[in-house]
Amino acid sequence: MAGARLAADIGGTFTDIAVEFDDNLHTCKVPTTPDAPEQGVLDGVVRTLDETGLGPADFSLIVHGTTLATNALIERKGAKTAMLVTEGFRDAVEMAYENRFEQYDIYMDKPPPLVPRELRFGVVERVDSRGNVLIPLPDDALASIIPILRSERIDAVAIGLMHSYVAPDHERRIAAILKSELPGVMVSLSSEVSPEIREYERWSTTVANAYVQPLMSSYLGRLSDSLSDLGFGCSLCLMTSGGGLCSLETARQFPIRLVESGPAGGAILAARLAQECGLDKVVSFDMGGTTAKICLIDNGEPLHSRRFEVARQYRFLKGSGLPLRIPVIEMVEIGAGGGSIARVDSLSRIQVGPDSAGAVPGPACYSKGGAAATVTDANLTLGRIDGEAFAGGTMKLDANAAAKTLEVDVGVPLSLSDEGAAFGISEVVEENMANAARVHAVESGAEVRGRSMIAFGGGAPLHAASLARKLEIDEVVVPVAAGVGSAVGFLQAPAAYEVVRSRYEILDNSFDVSALNALFSEMRDEASGIVRAAASDNALVENRTADMRYRGQGHEITIVLPDGPYNYQIGIDMIDRFETSYEATFSRRIPNLDVEVLNWSLRLSAAVPDSELCPPDPPATEPEPNGTRMLFDPETAAPMEVSVYDRDSLKPGNLIVGPAIITEDETTTIVLSGYEATVNARSHIVLRRAP
Amino acid sequence: MASPKDPFSPIRLQIMWDRLIAVVEEQAQALIRTGFSTSTREAGDLSAGVFDVSGYMLAQAVTGTPGHVNSMARSVKHFLDRFPVSEMADGDVFLTNDPWKGTGHLHDFTFLTPCFKDQDLTALFASTCHVVDIGGRGMTSDGRTIYEEGLYIPLMRFAHAGKIDQTLIDIVTANVREPVQVVGDLHSLATCNDVACRRLREMLDEFALTDLNRLGSHILEKSKSASLEAIAKVPSGTYRNSMRIDGLEEPVDLVAEMTVGEDGIHVDFSGSSGISSYGINVPFCYTEAYASFGVKCIVAPEVPNNSGSLSTIRITAPEGTILNAEHPAPVSVRHVTGQMLPDVVFGCLAQAVDDAVPAEGTSCLWNLYAYGGPGRVEADPKQLADADTFTVLSFHSGGAGARPGKDGLSATAFPSGVRNVPVEVTEAISPLIVWRKEYRLDSGGAGEYRGGLGQTMELGLLQDAPFAFSALFDRIDYPPRGRDGGDNGGEGAIYLASGSRLNGKGTQTIPRGERVVVDMPGGGGLGEARMRDPRRVVDDVRGGLVSADVARSTYRVAIDDNGDVDENVTQKLRAN
């Protein structure tokens, strides 16, 4: 039987495996092996073959996502990297935005650059914003630099020249010199990694790519070889932060595009589920051990963007990380997870996160040395988690340890009972997530209220109903295999690649349509080669956008363009599309002001068949509870006995009236009082406000 | 125990407080997204806040500028004096750009919107932002009275019961250089208040509240007591400090006397210089904002801004001083002087608390403000005939002061929260070209903890034409001072690449073919240089931040042939 597909998602604690064959979905979790991450993947693959009875020859595709690149950036454990920049600009990557992201803390520091100053070298050359060469690159431009790169044993070099997004020639010539002089060194060009205007962001992206490239390239090589050794002959694709799959070769060339692959997989899962359930307006909610991710999905499609920040080092604050201009699925990520630590501040307010106890030492109840009160300790104390059945019963949680830290860290300072403290923590973390969701929606010109929520990841189903109530959301879907949502999402992602070009245009009479058609055709050729490598014969779908603004503004909004080629009317059409979108976001148009374009993008993806609509719910039936548990009731401020259901024993059509608890190995769904849960025809749990 | 669902249980009060802060953050976000002025968008030069019906501020968004910290709160009181709440109707919107009753210069508009729910006034929302132009001389120090600085809108109605005053719009349109953008910003201010009011109504419904009285008094009491607790950790007493800066026609002394007591902190600026004939004067509201910010940074950075926390900090300055310049003094670029005030306050606090206060830094922004084109530059019109018309304002910064236990931040704004504009963007929208933008060697004041480095920017024009450069710089004659034995930061400078010096303030013509070089100051050092860990000195030398000469002469660190610390020689150097 060919056609089975396998996804492997390496996270901080667990490596998740999902396999789809015929109409079956099989999932498992194995421990992540940080020293040789491919080992965890292989462990999971072997276990899966064993559990499913499939052989390597049965597989047509393996999809992989990993946090390896992200971790290297967070821990600053990448390659020894040098940077070559236009002379006079070697401090751009360190000056960053010349600002402080935290107003009142005089001790805040900016993110240290990945390349120290002594390894950033100026190169004589200069090009202006139209691509005219003001100072030609001398043939011996690198004569004094090469010996230093050699003696410093540099593994990777990033090249960033001014305006190289419009004139890449000097960067290419420098790369050619490096390749011939230093054959083993990997070279990243800003004109290839991120050909967009704004030198700091383009160079930051390029340096990050260079910094993780040797590590990722060797890791991906080892993984590919090991899978071959096991007998897998199918292609290996990588999940990108943009929600598409790319080939191994592309991943080795642009590893920075892999940073946010796990959350992107989650968003893809939510998008497909939205299509399947016929939900037009969705907010997806993915909560793990350290962070929560919230993403808006309209008409079955998440929003795409090219703005991301990796390795935020200061309270998860915007601005405290390294900016990356790579295709990403637009979402907000905040420091709110099961491991988030709670404390009481000088104003007697409970603060939760963004610092996390992580997997080690973990929450106090893990008994692994963690001494701080966390969200998981609160959930255990409230009765939402069963300490005896955590992670499928593989881990026993210590309720006394949880209660003790809650008492010390929060209860005593605020004169609250243990349950009161736990409830406070849970309310605050939910409020934090609700506020993040609202602000994210405002920034996207959208509303959260009235959407449907799709909740997955180990922590989300515990908090989903409560969060939904805060956001005035009436319907929550908890999908099958909610605990390994990202890996399941990988299986549903199309092969895709996005190409971007900066090219400044004012949409007036001077606008050159034929040049634009030529530009898009060149972009299509570039993307097509890459997508074909990951999907040889599917039909391809093209999505074009332009980043536009009123002349003089500082931020662009991304506008979807029609398919090309274009004629002279495209300028008027674009202005109209821009103004319509601007008005939708900002409630007005601005008359008599020119519109300008900074960037053009083209995303090419393999066509994916539409999801089949989920059949209507079977007639409602009442399942038998598998037991009862004491769950804290906020109305009476006391525990009350509620029914517990084992998700595996539920059948489509089952209707459960809250308050109730539904358990599965990787997560627990809380059905609040006032809500009812239906198991739909595809076995997804749907929570709705009781009529 | 009260049920956690009781709206006035401690947890509910906290959640409601957090929500109120979220409401004003959303209000600010709505303004940032729609604002036109670069300083609003990129620098966060704006403010948003919610007030109770008596005009007490309950929450304020944390934005990029301390300049509105409590100036906006004071502004609301002025509105209420002029328009009592009893006369306010649903749909009314009030505005002003009065520098003395708003936030310090004509470029800042403040809007106030009463928020009604079920016919009852429940709260007031205020917002402030900087508009791109207000007519007059523009944002320069050149004006001699407020009348030259632009259009002056007194406290008045922008909308009456939902109907916008078209006469006002027509007057603004006729008086400013970029009417579409300025009028657009006025609408943005009104809209962001509306957005916030809508959110507040939803919040009141969700928590089943009819008013903000109980929540408001909780916020004000908690914040006040937390602030007083923080102040109690500062030893009581009177601390004095004086700082001299370049000023314009003559140096300016900023003199402070800080009294720390049980009931709060009082800073008085008696003894400071008199008013200038040019626009670097500071209206008192702006003095109060930056001085309060300085106190809060050190004493109680975690307590949110509201009338409760701010009531514990009292600022005074005698009329007729540069820190309380009265109408009709010119005040357009009051930030150049006002942004120095946190340093003045820090100098007082450094005497009261150990190891908690940074050395002085560049403090005022070093923005590049250039324009060109026919009729816009004082030069031979023939030379300008073919020149492109452009205006560029891009924000940049020198070094900040060294901090206890940490070096100062290089090329980073403080106290302003401004973001820079990418050089590539400046070059794409104008004929300017930046030839150099990098750290200045040895500009960080030496010390056990080194001051942040300043940067040098060198710019010219791609066309063969002169252009205008409007300088608004300080710390050229009087650089940032070190603290506790630390050296001063490097002084700033501005000159033509060919050598001749330019003035630190005022609009000047850059002849064709010339480049301007701007050397931004470095921050002051903290502690004696010879106490600095020699390995960190070597790191600085390796990175090209400190020269080997200065390492040896000032830090007294010798470096061997491998570039490492020469322990023996260093020991000898440091022994003397």
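A nonpolar core is taken here as a set of buried Ala, Val, Leu, Ile, Met, Phe, Trp, Tyr and Cys residues joined through C-beta atoms within 7 Å. A residue is called buried if 20 or more other C-beta atoms lie within 10 Å of its own, exposed if 12 or fewer, and partly exposed in between, with C-beta atoms placed from the backbone. The model is predicted, so local features need pLDDT of at least 70 and side-chain atom pairs count only at pLDDT 80 or more, while totals for chains, interfaces and linings use all residues. Residues are numbered from 1 along each chain as its sequence is written, and chains are lettered from A and ligands numbered from 1 in the order in which they are written.

The largest nonpolar core holds 375 residues, among which Val157(A), Ile425(A) and Val345(B) touch the most other members. The biggest contribution to this core, 14 residues, is made by helix 1 of chain B; helices (H or I, at least four residues) and strands (E, at least two) are DSSP runs, numbered from the N terminus. Around Val345(B), neighbours within four places in sequence left aside, the contacts are Ala256(B), Met258(B), Val267(B), Ala291(B), Gly294(B) and Val295(B), a contact being a pair of residues whose C-beta atoms, placed from the backbone, lie within 7 Å.

Next comes the meeting of the two chains. Chain B brings 65 residues to the contact and chain A brings 60 residues. On the side of chain B that touches chain A, at least two residues each come from helix 1 (10-34), helix 2 (38-41), helix 5 (179-206), helix 6 (213-232), helix 7 (284-299), helix 12 (423-429) and strand 14 (432-439) of chain B. Helix 1 of chain B again gives the most, with 12 residues on this side. Sorted by class, the side of chain B that touches chain A has 28 nonpolar, 17 polar and 20 charged residues. For this count, Ala, Val, Leu, Ile, Met, Phe, Trp, Tyr, Cys and Pro are nonpolar, Asp, Glu, Lys and Arg are charged, and the others, Gly among them, are polar.

Chain A is divided into domain 1 (4-73 + 217-257), domain 2 (76-212), domain 3 (261-336 + 437-489), domain 4 (353-427), domain 5 (496-606) and domain 6 (627-689), with bounds from an automatic or database domain assignment. Taken over C-alpha atoms, the centres of domain 2 and domain 6 of chain A are 54 Å apart.

Two open sheets of chain A deserve a look. One has four strands in the order 6-5-9-10, paired in parallel, where two strands pair if DSSP finds at least two bridges between them. Strand 6 and strand 10 (186-189) of chain A each have a single partner strand, so one side of each is left without a neighbour in the sheet. Neighbouring strands are turned by 20° against each other on average, direction ignored. Within the sheet, strand 5 (residues 81-86) and strand 9 (residues 156-160) of chain A run parallel and are joined by five bridges; Leu84(A) has Ile159(A) in strand 9 of chain A as its bridge partner. Helix 5 (residues 169-181) of chain A lies across strand 5, strand 6, strand 9 and strand 10 of chain A, at about 180° to strand 10. Helix 7 (residues 199-230) of chain A also packs on the sheet, touching strand 5, strand 9 and strand 10 of chain A, and its direction makes about 165° with that of strand 9. For these angles, axes are lines fitted to C-alpha atoms, for helices over the stretch in contact, and values run from 0 to 180 degrees between N-to-C directions.

The other open sheet has four strands in the order 25-28-26-27 of chain A, with antiparallel pairing. Strand 25 (496-506) and strand 27 (557-561) of chain A are its edges, each pairing on one side only. From one strand to the next the twist averages 25°. Strand 26 (residues 540-550) and strand 28 (residues 595-606) of chain A share 11 bridges in the antiparallel sense, and Arg549(A) has Glu596(A) in strand 28 of chain A as its bridge partner.

Some backbone details complete the picture. The peptide bond from His327(B) to Pro328(B) is cis, with omega near 5°. Ala96(A) is not a glycine, yet its phi is positive, near 55°; Ala96(A) is buried, with 22 other C-beta atoms within 10 Å.

Technical notes. Contact = placed C-beta atoms within 7 Å.
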